[in-house]
Amino acid sequence: MKKRVYNIICLCSLVSMMLCACAQQQIGTSVEEETTTRTSQEGDKTVTFQATVIDIIDDTILVEPVEGASELGSADSFTITTIANIELHVGDIVEIEYNGEILETYPAQLGKVYAIHVTQEVGDSQSQKEPSVVKTYEVSEPVEEGVCRDDVVIMVKHYEMSDGTWKTDTHTYKYRLEITGRMGGNASKDSTFVFLSNIEEITFDQAWKASGFSSNTNDYFDEADAKFVGMK
């Protein structure tokens, strides 16, 4: 009798264990199906990471994953063909969505890029974006002696910048001044002197003296304040 009871207890325990195992298997299957369904509904796998744009060449950008991005375990930089209608600058922080594949190329490439979003423009971390050159004023070619020209003769190469400032190769200025007047009573026509300046106003008398016509060194500007760059 005791043996029969023991057998019954063992049988009940075995059935109970089998039922628990089945339940666990069903729960696991349910989770797996939920994940598969979600992936199926949303399409391909999507992985997102942030990176800094470190170079732009035509329609290709070179990015460096930010610190902590798992992609750094595969490569320290990636080349990506940019997506239309997005304006990028070197230094921008972008968020990249791709299919999780990394190609074994050099430089490394991402498998399939779905989207690129700018999360922080370079100007957001600076007081303003680094200005770019709008126009370059090259030094004028020399002309034959006795030949007059009506345009401004550029003596020093300088640049018009996108933020409204002006630059030489060594200094930045707020203004480009063209100062016109007549030098003395014997001059037959007006002369124009061009200065890049951090001084808002320069008189004609100051201009012609500081353009090389004065022997007094006190008549010349400190280069950080104003620079003579051309004349007409």
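# Legends to the close-up views

**View 1. With a relative accessibility of 6%, T168 counts as buried.** Here buried means under 20% relative accessible area, exposed means over 50%, and partly exposed lies in between, with a 1.4 Å probe and protein chains only. The model is predicted, so local features need pLDDT of at least 70 and side-chain atom pairs count only at pLDDT 80 or more, whereas totals for chains, interfaces and linings use all residues. Residues are numbered from 1 along each chain as its sequence is written, and side-chain values use heavy atoms, with hydrogens and water left out. T168 is found in the loop between strand 11 (166-167) and strand 12 (172-173); helices (H or I, at least four residues) and strands (E, at least two) are DSSP runs, numbered from the N terminus. Leaving aside residues up to four places away in sequence, T168 touches V156, K157, H158, Y159, Y173, L196 and K227, where contact means heavy atoms within 4.5 Å.

**View 2. An open sheet is formed by 4 strands in the order 9-15-14-13, with antiparallel pairing.** Its edge strands, each pairing on one side only, are strand 9 (153-154) and strand 13 (175-181); two strands pair if DSSP finds at least two bridges between them. Strand 9 is joined to strand 15 (residues 226-231) in the antiparallel sense over 2 bridges, and I154 has G230 of strand 15 as its bridge partner.

**View 3. Helix 2 (residues 204-213) lies across strand 13, strand 14 (191-197) and strand 15.** The helix runs at about 85° to strand 14, where axes are lines fitted to C-alpha atoms, for helices over the stretch in contact, and angles run from 0 to 180 degrees between N-to-C directions. F204, A207, A210 and S211 are the buried residues in this helix. Seen down the axis of helix 2, these buried residues fall within an arc of 140°, so they line one face of the helix; the arc is that of the directions from the helix axis to the C-beta atoms. Their cover includes strand 13, strand 14 and strand 15.

**View 4. A salt bridge joins the side chains of K209 and D205 (3.2 Å, N to O).** The term stands for a side-chain nitrogen of Lys or Arg within 4 Å of a carboxyl oxygen of Asp or Glu. K209 and D205 are 4 residues apart in helix 2, and are therefore separated by about one helical turn. K209 is partly exposed, with a relative accessible area of 24%, and D205 is also partly exposed, with a value of 39%.

**View 5. R182 and D190 meet through their side chains in a salt bridge (3.1 Å, N to O).** R182 is partly exposed, with a relative accessible area of 45%, and D190 counts as partly exposed at 42%. Another salt bridge links the side chains of R176 and E178 (2.9 Å, N to O), and E178 counts as partly exposed at 48% relative accessibility. The structure holds 4 salt bridges.

View 6. Most residues other than glycine have a negative phi, and most peptide bonds are trans.
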